[in-house]
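Please read the points below with the model open beside you. They are short notes for someone who has not seen this structure before.

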Amino acid sequence: MRDGHWHVMGRQTGPGRSSAEPRPRWPGVAAVVSLVIVVAACGIAGQGASPASTGSPDGPGPQTSSPAATVASSPTAPSGESAAPTGDTDPSPSAGATDTPSTAPAATPAGQLSFANWPLYIDIDEETGGYPTLEKFEQESGIDVTYAEDINANEEFFGRLQPDLAAGNPTGYDLIVMTDWMIERMARLGYLQELDHSLLPNFEANAEDLFRDAWYDPENRYSIPWQAGIVGIAYNPTLTGRPITTFDDLLDPEFAGRVGMFSEMRDTMSMALLSLGVEPVNATIEDVERARDKLLGPAQEGQFRAFYGNDYYDALAAGDLAITIAWSGDISQMKLYDNADVEFIVPESGGLLWVDSAAIPKAAEHPVDAHMVLDYFYDVDNAAPLTEYVGYFSPVRGVPDRVREDAQAARDEGDDEWADQLEIIADTAFPDEEQLENVFEYKRLSEEEERTWNELFGEVVTD
Amino acid sequence: MPRRLRRSTPYLFLLPGGLWLVAFFVVPMVVMASVSLQEGSLGSGYSLTWNFPIYGEVLSDWAPQIVRSLWYALTVTVLTLLIGYPIAYTIAFRGGRAKTILLLLVILPFFTAFIIRTLSWKLILADNGFLLGSLKEIGLLDPAFRVLATPAAVISGLTYNFLPFMVLPLYVALERIDRHLLEAGEDLYASRLQTFLRVTLPLSMPGVFAGSLLVFIPAIGDFINAAILGSRDTTMIGNVIQRLFIQNNAYPEAAALGFVLMAAVLALVAIYARWVGSDALTRG
Amino acid sequence: MKAPLRRKPLGSRLAHAVLPVYTALAVLYLFIPIVVMVAFSFNDPRGRQNITWQGFTAQNYLDVWSRPDVTGPMITSLIVAVVATLGATVLGTLIGLALTRYQFRGRGPTNLLIYVPMATPEVILGASLLTLWVTAGVQRGLLTIIITHVMFNISYVVVTVRARIAGFDRALEEAAMDLGADGWTTFRKVTFPLILPGIVAAGLLAFVLSIDDYVITSFVSGQTRTFPLWVFGASRFGVPPEVNVLGTLIFVVAFATIAAQIVWARRRQGTELARSRRVAS
C-alpha cells in the first residue's frame with residue numbers, strides 16, 4: 001500500500017499532460033524514508049546527548065534527571081545567575097532569617113519578580129487596565145513585578161513547565177498559582193521550593209485556620225492559599241420542580257440528560273465517594289471502584305449531559321442543565337446577574353473545599369521577592385480589594401468584615417449597585433458554619449493511585 | 001536556463017520548507033516515537049524499554065473511539081463538500097467583480113476566536129434558548145428536544161468550523177477553469193447538468209481532493225468540538241489523546257495512540273489518493 | 001455576467017437565481033455566531049459573565065483601549081498570524097511548485113512530509129516541540145510561536161496551492177519562453193499571476209489557522225500570551241465584553257480594508273478602460 005500511495009501522489013500532481021515522460025517508480029522510497037528518519041535521529045542526537053541512547057527520554061514529562069536536559073540547560077543557567085547579583089550584592093541577613101537550605105539564597109529582595117496567575121484573578125482597574133493593589137506593592141517595596149495572566153488550566157500549565165522543572169531549569173516564573181491537588185503533585189515531584197515562613201509574618205498572623213496546614217501541603221511548607229471555594233451542587237428549582245438535597249439527586253432518572261458532571265476527576269470522584277459514605281481521605285481502590293460503578297450505569301444511560309469544565313456555568317445559566325456539580329463562587333455570581341433561580345447547596349453527604357494556592361517553582365530566581373508579595377496579600381488592607389474583585393473565599397482573616405465596611409461606605413456615597421455586589425461578596429467571602437460542618441478534603445494520591453483513579457474515572461467519562 | 005540548474009531547481013524550491021519541516025516536525029516526532037516506547041512514571045522517571053506491545057494495547061483499548069472519529073470525519077468531509085461546492089462554484093463563476101469580497105465573507109467569521117464562535121453557537125442552540133425555546137413554545141418541537149450534547153452537535157460544529165477549508169481550495173480550482181471550455185461543453189452536450197458533470201466537475205477534482213484532505217485530516221484528530229458541543233457518547237480519539245496526555249500524564253500511551261491515529265490517516269489518504277488519482281484527476 | 005442563454009428563459013432564470021440565493025443563505029449561516037458576538041460587544045454585563053443580555057452600552061468600545069490585558073495578547077496574535085502566514089505561504093508555495101512542476105527523486109518522502117504534520121494530534125505536536133526547545137535550551141516566546149505556526153501551516157499551504165497548479169496549462173509558459181522570455185520573466189509575468197489566487201487562498205487559510213490556534217501554542221508560548229490563550233484562561237471567570245469588541249473591530253477592519261482595495265482596483269480599472277477607449281477612438 002505504501003508504494004501505491006507514493007506512486008499515486010506522483011500521478012495526481014502531474015495529471016495526464018506529462019504522462020509521456022518517463023516517471024521514476026520510486027523503488028527506493030522506503031530507503032529514502034528511513035534515511036530521513038535516520039538523519040532526523042542524528043539531528044536530535046546533535047541537539048544534546050542522544051536521549052534515546054542514554055535512555056533518558058525527553059517527553060515533556062519523561063525526564064527527571066535527564067543528562068541531556070541538564071547539559072542542554074546550561075546555556076540558560078548563566079542568565080539566571082547573572083540576574084541574581086544585581087540584587088544580591090549585599091547579603092546582609094535580614095530579620096531573623098533562619099537558615100533555609102538552598103531554597104531562599106538570601107533574604108534580600110532582588111528588586112524584581114515574575115508572577116504567573118489566572119486571568120482576572122487579581123483586582124483590575126477597569127478604567128486603566130492596571131492592577132491597583134499590586135501596583136501599590138510595587139511602590140511600597142520597590143520591587144518591579146511582571147504580572148502575567150499566563151495560566152489557563154492546571155494540567156496545561158503543568159505540562160508547559162514540567163520539562164524545565166524536571167531538568168532543574170528556571171521556569172521564568174517566581175510565583176505561580178495552582179489548584180491544591182496540583183500543588184500537592186508538584187511538591188511531591190520536588191518541583192517547588194520550600195517557603196521561608198520567617199518572611200511571611202502576615203500569613204502567620206492573619207491566615208484563617210481553615211487554610212493552614214491543609215491536606216495538600218502540611219504546614220504550608222510549599223504554598224499558601226490565594227483564593228478558595230466549595231464544590232457542591234447547583235440546581236434550578238424551576239427545572240427540577242423540587243428542592244435538591246443529596247448527591248443521589250444527580251442520578252435521578254427524572255433529570256436524565258439535564259445533569260452536569262465535572263471533567264475534573266478529583267471533584268467528581270470525591271463527591272461520589274462522599275455519597276457512598278466514604279471520606280475521600282480514607283478511600284481505598286475498592287471504594288473508588290464502587291464510586292465508578294455508581295456513576296457508570298447512569299452515564300451509559302445518558303443521565304449526564306456532559307462532563308464540564310468552566311463551561312458548566314453557561315449551560316446552567318441558560319437552563320440546559322437542571323442540576324449539576326458546581327463551584328460556590330460561581331453561583332453567587334449567577335444568582336446576582338445571570339439566573340436568579342439557581343440555588344447552591346452542599347449535599348447531605350458533603351462537599352469539598354478547594355484552594356488555589358501560590359507557590360515558588362524550583363530554581364526560581366527571585367524567591368525573596370515572591371515571599372514579599374505573598375505576605376503583602378495577607379494584609380487585610382490588600383486582601384480585601386482582591387476579594388472584592390475576584391469574589392471567592394478569602395484565606396485572610398477579617399476580609400468579610402472589611403468588605404462589609406466598604407459596602408456601607410459605598411451605600412453612603414449613593415453607589416447602591418456596587419454596595420449590593422459588595423454585600424453579596426461579603427456574605428460569600430468565607431464559608432458559613434453550616435457549610436463548614438459538611439465540607440471535606442481531597443485525598444493525597446500517590447502517582448500509582450492517581451493513575452488508577454484516572455483510569456476508573458476514564459471509564460465513566462468515555463464511551 | 002542551463003540544464004544543470006533546471007534539474008536542481010525542484011530541490012532548491014523544496015529545501016527551505018523541507019528543512020523547516022525536518023527540523024521542527026520530524027525531529028520532535030522522533031523524540032515522541034521514543035517516548036511511546038518508554039515505561040515509567042513522572043516520579044521515578046521514564047526509560048526506553050522498546051515497549052512495542054503498547055501499540056496493540058492502545059489500539060484495542062480505544063478502537064471504538066477511533067472508528068467513531070473516522071465516521072465523524074468522513075461525514076463532515078462529505079457535508080462540507082456538499083455545502084461548500086455550490087458556494088465555491090457561485091463565487092468562482094458568478095461572483096464577477098465581487099469575487100474577492102465574497103470569498104472574504106466566507107473566511108471572515110473564522111478570524112474571531114474559536115471560543116467566542118462556539119460560545120455564540122451554544123447561546124443560540126441552548127435547549128430553551130432563543131431558537132429552540134421559541135420553537136418549543138409554539139409546539140413545533142418536543143420539550144425534551146435538544147441539539148447540544150448530541151452527535152449531531154459535534155458533527156455540525158465540525159462542519160461549520162471546517163467549511164472554509166473546503167471552500168478555499170474548491171474556489172481556487174474552479175476559478176482556474178477556462179470559460180471557453182464550458183462554452184464548448186455547452187455546445188457539445190445537451191444540458192447544463194451534463195456540462196457540469198463532464199467538464200466542470202472533472203476539472204475541479206484537484207480542488208475536491210485538496211479540500212477533502214484539508215477537512216478530513218484535521219477533523220479526525222479534532223477534540224475541541226467534541227469537548228465543547230458533545231457528550232460522553234461523542235468522545236473522539238482526539239479527546240482521548242488529550243486526556244491521556246494532559247490529565248493522566250500517560251505520555252507513552254498518548255504518544256502511541258497519536259502514532260496509531262497518524263498511521264490510520266495516512267493509510268486512508270493513500271487509498272483516497274489512489275481512488276481519485278486513478279479516476280478523475282488523470283483526465284485533467 | 002452574460003452567459004449565453006439557450007434554454008427556456010423562465011426556468012433558466014429561476015435556475016440562475018438558485019445558486020446566488022443559496023450562497024447568500026450560506027454566508028448568512030456562517031455569520032450567525034458573528035452577529036451574536038457583535039451584539040454582545042454592546043452588552044453591559046454587571047456580573048463577570050457576558051452571556052445574558054443586560055442592557056445596551058457603547059462604553060466597551062472606549063474601555064477596550066485601556067485594557068492591555070486584552071489588547072496585548074490580540075496584538076501578539078496578529079503579529080504571529082501575519083508573520084507565520086507570510087513565512088508559511090512562501091515556503092509552502094515553493095514546495096507546491098516543486099511538487100507539481102518538476103520531476104525529481106524523493107517525491108514520496110516529500111508527500112509524506114506534507115501530510116503527516118496535518119495528521120498529527122495537536123497535543124503530540126505541541127509537547128514534542130516543547131521538548132525540542134527545552135532540550136536545545138531555547139527560551140520560549142514570540143519566536144518559537146512563530147516558528148511553530150509556520151511549521152504547521154506549511155502543509156495547508158502546499159495542499160491549497162497544489163489544487164491551483166495541478167493541471168495548470170504549461171503551454172502558456174512554453175509560449176512565453178518561445179517568445180524569448182527568460183525563466184524569471186516567465187514566472188513573474190505568466191506563472192505567478194496564474195497561481196496567485198491559490199497563494200492568496202492558502203494565505204487566508206494559514207492566517208485563520210494561526211490566529212485561532214490554542215493547543216500547540218500553549219506548549220511553545222513560554223511567557224508570551226496569544227489571544228486564544230488569554231480568552232481560554234479568562235473563560236474560567238467570565239470573558240469580558242471587551243473581547244467581543246476586539247473581535248468585532250478586527251472583523252470590521254478586515255472587511256473595510258478589502259472593500260477599499262476593491263473599490264480602488266475598480267476605479268483604476270475604470271480609468272484605464274476610459275484611457276484605452278480614448279486611445280481607440
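1. Helix H18 of chain A, in this predicted model, covers residues 416-428. Its 13 residues reach 18 Å from the first C-alpha to the last, close to the 18 Å expected at 1.5 Å a residue. Buried in H18(A) are A:Gln421, A:Leu422, A:Ile425, A:Ala426 and A:Thr428. The cover over these buried residues includes three helices of chain A, namely H14 (328-338), H16 (380-390) and H17 (399-412).

2. Strands S1 (residues 112-116) and S2 (residues 144-148) of chain A pair in the parallel sense, over 5 bridges. One bridge joins A:Ala116 to A:Ala148 in S2(A). Together with helix H6 (residues 132-141) of chain A, the two strands make a right-handed β-α-β unit.

3. In chain C, C:Met74 sits in helix H3 (residues 68-101). Is C:Met74 buried or exposed? C:Met74 counts as buried because it has 24 C-beta neighbours inside 10 Å, where 20 or more are required. Apart from neighbours within four places in sequence, C:Met74 is in contact with C:Phe227 and C:Leu246. C:Pro228 is 154 residues away from C:Met74 in sequence, yet the C-alpha atoms of the two are 8.5 Å apart in space.

4. Between chains C and B, 78 residues of chain C are in contact with 79 residues of chain B. Several helices of chain C each supply at least two residues to the side that touches chain B, among them H3, H4 (107-119), H8 (183-211) and H11 (241-280). H1(C) gives the most to that side, with 13 residues. By class, the side of chain C that touches chain B has 60 nonpolar, 14 polar and 4 charged residues.

Methods. Residues are numbered from 1 along each chain as its sequence is written. Chains are lettered from A and ligands numbered from 1 in the order in which they are written. This is a predicted model: local features need pLDDT of at least 70, side-chain atom pairs count only at pLDDT 80 or more; totals for chains, interfaces and linings use all residues. Helices (H or I, at least four residues) and strands (E, at least two) are DSSP runs, numbered from the N terminus. A residue is buried if 20 or more other C-beta atoms lie within 10 Å of its own, exposed if 12 or fewer, and partly exposed in between; C-beta atoms are placed from the backbone. Two residues are in contact if their C-beta atoms, placed from the backbone, lie within 7 Å. Ala, Val, Leu, Ile, Met, Phe, Trp, Tyr, Cys and Pro count as nonpolar, Asp, Glu, Lys and Arg as charged, and the others, Gly among them, as polar. Two strands pair if DSSP finds at least two bridges between them. A crossover is right-handed if, with the strands pointing away from the viewer, the path from the first strand over the helix to the second runs clockwise. The expected span of a helix is 1.5 Å times one less than its number of residues.
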